[in-house]
Amino acid sequence: MSEPFYKNGLRFECTRCNACCRYEPGYVFLSERDIERLLAATGTDREEFLRLYCRIVEIDGERLISLKEKANYDCVFWDGGCTVYAHRPLQCRAFPFWPGNVSSRSSWKSLTASCPGVNRGKLHSREEIEEWLAARVADPVVKLNAAEEPE
């Protein structure tokens, strides 16, 4: 197996531009651990949390739980900053080291159009990047059965 293009690491430094949390539509898919952390952050029970802050998204025949967006596409937890930052989902914590972003040099390069922190700042090692990728495998997003509604 050939080595990944990021074998010598990748530079990334969050510039706090907030573009990953705001302005454009997207999904923040949740794992059970994410939901538990967010329940603690919001002080809600599971049913209320899912009703107030989540939506079910169907992609490629799978039904996934994602955070809602406001009408302007800001994350439901955006209010001049992330109101659940210490409890934010793995998807948010792992950005930009998502499988699709680090699958190829061209995918990483294309990310520079939407994220000014790519290719600047701290050098993140191959090991660190692969830890983020492994974290998602260890903490997968919730997948609902066709007739199942979240509890």
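Two strands count as paired if DSSP finds at least two bridges between them. Helices (H or I, at least four residues) and strands (E, at least two) are themselves DSSP runs, numbered from the N terminus. What you see is a predicted model, in which local features need pLDDT of at least 70 and side-chain atom pairs count only at pLDDT 80 or more, while totals for chains, interfaces and linings use all residues. Residues are numbered from 1 along each chain as its sequence is written, and side-chain values use heavy atoms, with hydrogens and water left out.

Start at strand E3, residues 62–67. On one side, E3 pairs with strand E2 (residues 54–59) in the antiparallel sense, over six bridges. Isoleucine 59 is opposite glutamate 62 of E3. The two strands make a hairpin with two residues between them, and aspartate 60 in that turn has a positive phi of about 50 degrees.

E3 also runs antiparallel to strand E5 (residues 143–144), joined to it by two bridges. Which residue of E5 stands opposite arginine 63? It is leucine 144.

Is arginine 63 buried or exposed? Buried means under 20% relative accessible area, exposed over 50%, and partly exposed in between, using a 1.4 Å probe and protein chains only. Arginine 63 is at 13%, so it counts as buried. Five of the six residues of E3 are buried, so the strand is largely enclosed by the rest of the structure.

Now the interior. A nonpolar core is a set of buried Ala, Val, Leu, Ile, Met, Phe, Trp, Tyr and Cys residues joined through side-chain atoms within 4.5 Å. The largest has 17 residues, and Leu30, Phe49, Cys54, Ile65, Leu67 and Phe77 touch the most other members. Helix H1 (32–42), helix H2 (46–53) and E3 each supply at least two of its residues. Another core, of 13 residues, lies apart from it and includes Phe5 and Phe95.

Last, the cysteines. A disulfide is a pair of cysteine sulfur atoms within 2.5 Å, and the count here is zero. Cysteine 82 is partly exposed, at 30% relative accessibility.
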